Amino acid sequence: MKISKIARIILVASTVVTSFSVTAQSDSILQTANRKTEYVFNQKETPIQIVPYNTIVFSRTLHSINYVRGNELYRTKKELSNLAVNPSGVNVGVIEIDKKGKKDAKFYSTSEVDTEIASLNTKKYGQPSAIAYTPDARKVLIATDKGLFIFEPRKMEFLDMIELEFTPEQMVISDNAYYLTMSAGDRVAVYNLEQKTVRRDWTYGVDVTDMAFSNGSSDFAVLTNDGILTIYDTRSFNIKNTIEDLGDGIACTFNEDGKYILVVTSPETLEIINLVRPTDRNTMLIEDGGVNDLTFVKDSSDESLLVFPANMKLYARRLQNLEPHFAKLITDETDLRMAEWEKMMPGESIEDYRLRVNDESRARQRRLFEDEISTQLAGDLLSGTTMSLGNYDRTNQVLAIDFSTMPTIYLPVPESNVTAFHNADDLVLSNVQYGLLPDDTFEIIYAQVFNKADGNTYEYNNLDRVSMDFMSGDANIVSLELLQQQQMEELRLQELREKVVQEARNMQLISNHTNIAVNSKVVPDYDADGNNILNYEVNFTYQVDPEFSAAEDFPPGKYLVNESGAASSMLKIVKEAFEGDFAQYIKAGKKLKVTISGTADASAIIRTIAYNGCYGDFVDEPVYENGVLTAISVTKANGIKENRQLAFLRAEGVKDFLQTNIENLDQMDANYTIRVDVSEGKGSEFRRITAQFTFVDVF
């Protein structure tokens, strides 16, 4: 199927390349311009389990932990089970079993071979059975015969515990950190990880072989050894789909957008199942055999490869025939366009806004966006289909036109004209628009049909078909009243921005070459119990003209907030906003998500820059670097040697300002995420910060 330009824009993200150690960097898949469809890596033993980290895969054999190319990270005479990889990439956890059956949970560095960094006190916490990390890498969970224990993963400091009704053998945490799933034998329990309560508990009567969440955590899959795969909707944990005839049901994984799930049905076969159209199933034969696990991993161009072990090998294969999840692409892009359309225009009064944006106009505009995006994604479907004439309905005076790859359309044709339709080759379709069906395939919703035989043009119009409610449902609805309230608050935010900016200009902290931007929006979401909630998101950022950024933003090598006129001015707006009109959202105990981005340019650091330790020392601190979770270290003793460290400290400066200067913010249940971006370009215009605040469930 041809993918249009907009699909490529939506589907292909920017290149992401990161590494956390010299050894790991040499083992990534694959930092090369040679874009083959399959890579094969010889192994000393056939892996039992594989776990991805960014462009890297770790594998476990009976006695060793290995990188992609078979290089050993650790080897022992004990039996190894339940490998878990820290999402920041700095260490791995594994359970070791000695000849007497005694178990230990051990943690090993990924940057140094055979280097143990921590272990579980089994006398105090019991015999370990499973390990899992939270997606933000800030907690590690260890299940034992005494319960579930939660630790800080770097120093293994005890944080919390959960009493369990059984001892799990597997644990999986959803990527939104809402759900912890555990299994042992034929039993699976789903916990609300925030509340530490059981959401669902199932007994299948046969052994559970694998569990998996889709990206975005909307679906949860349970695979059993009788070859049955059960897909649950995580909002309710009710059954969404049941797929049978999957052989031995050995292992499963979702593809990146969750449209497909892949199942190891035997050591020689993989089944690829389209979850939108479950009858669309394909079998992949593996001649070498020995397949017992599988996962997806990104290459250096941010494209997905399927990785699976076979007989003394590890395969990384591009699956080029998987269709994108069109409904998700259309919904996501429509949401973005609607968010822009629903904003008040410059100079637009609240009265004019209410006339332009109402329930009827919102529904109409959303439909227009859906149809436009669907048509762009569909591309030229007519070139790949065979058209033929069908029956004529005299009662409704419509002629059926059939397509080999799309649903039939019914063209209004007067009975007096129908005899002029001799052959489908005489018909020319133009101005064609496409819509999407619930099975993620396209249909024609509008076309002008020219008949060469009689020289007439006929119009097919099904633009009023049912909207794409099968994707969004009621979870994506923001009331008009709430939308208008948010727009009024944004007006006040803009007025505050103008006031603070003018004050900063009067003090000569910045000039009119610094542009500070503020905006807000209401974002539909759901909580860990599946309830619909509305979050309030407020964004602050700035841009300085390149020739003025060295004077008005961070000078080279600087990271303190007060060393940037632009940054300090932006944070003054934040402070006054949250201590003024927006104080209503700062409530003790309520959840707040803060995402702070610090950036740096690519200018080389010739000499170590001194770090005064004002924000503390950081060792293996989890951060997102160019969109990928990794770890960073900055200490007073070692100073600043990399641009990523400068970007990190600029973001930490914002965090310190917020915690120190904004009244009552420390009373909230705040979760801070630091993002680090190092530009490929050089120049002071690449040194800046941004801050995003998401007040959770505030309406």
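Three strands form an open sheet in the order 29-30-31, with antiparallel pairing. Strands here are DSSP runs of E with at least two residues, helices are runs of H or I with at least four, and both are numbered from the N terminus. Strands pair if DSSP finds at least two bridges between them. The model is predicted: local features need pLDDT of at least 70, side-chain atom pairs count only at pLDDT 80 or more, and totals for chains, interfaces and linings use all residues. Residues are numbered from 1 along each chain as its sequence is written, and side-chain values use heavy atoms, with hydrogens and water left out.

- Strand 29 and strand 30 (residues 398–403) run antiparallel and are joined by five bridges.
- D393 stands opposite V398 in strand 30.

- Strand 2 (residues 49–53) is mostly covered, with four of its five residues buried. Buried means under 20% relative accessible area, exposed means over 50%, and partly exposed lies in between (1.4 Å probe, protein chains only).
- Strand 2 runs antiparallel to strand 3 (residues 56–60), and five bridges join them.
- Y53 has I56 of strand 3 as its bridge partner.
- Two residues separate the strands of this hairpin. N54 in the turn has a positive phi of about 50°.

**Helix 10 and its surroundings**

- Helix 10 has 14 residues and spans 20 Å from first C-alpha to last, close to the 20 Å expected at 1.5 Å a residue. The expected span is 1.5 Å times one less than the number of residues.
- Helix 10 is largely enclosed by the rest of the structure, because 10 of its 14 residues are buried.
- Among the buried residues of helix 10 are G565, M570, L571, V574 and F578.
- The buried residues of helix 10 pack against several elements, including helix 8 (480–506), strand 36 (532–544), helix 11 and strand 41 (689–695).

**Helix 10 against helix 11**

- Helix 10 (residues 565–578) packs on helix 11 (residues 643–661) at an angle of about 30°, with the axes 11 Å apart. Axes are lines fitted to C-alpha atoms, for helices over the stretch in contact, and angles run from 0 to 180 degrees between N-to-C directions.
- Helix 10 supplies L571, V574 and K575 to the contact, and helix 11 supplies V654, F657, L658 and N661. Contact means heavy atoms within 4.5 Å.
- The residues of this contact divide into five nonpolar, one polar and one charged. Ala, Val, Leu, Ile, Met, Phe, Trp, Tyr, Cys and Pro count as nonpolar, Asp, Glu, Lys and Arg as charged, and the others, Gly among them, as polar.

**L560**

- L560 sits in the loop between helix 9 and helix 10.
- L560 is partly exposed, at 21% relative accessible area.
- L560 touches F554, C614 and Y615, not counting residues up to four places away in sequence.

- Most residues other than glycine have a negative phi.
- A137 has a positive phi, near 70°. A137 lies in the loop between strand 10 (128–133) and strand 11 (140–144), and A137 is buried at 3% relative accessible area.
- D620 has a positive phi of about 55°. D620 lies in strand 38 (residues 618–625) and is partly exposed at 31%.
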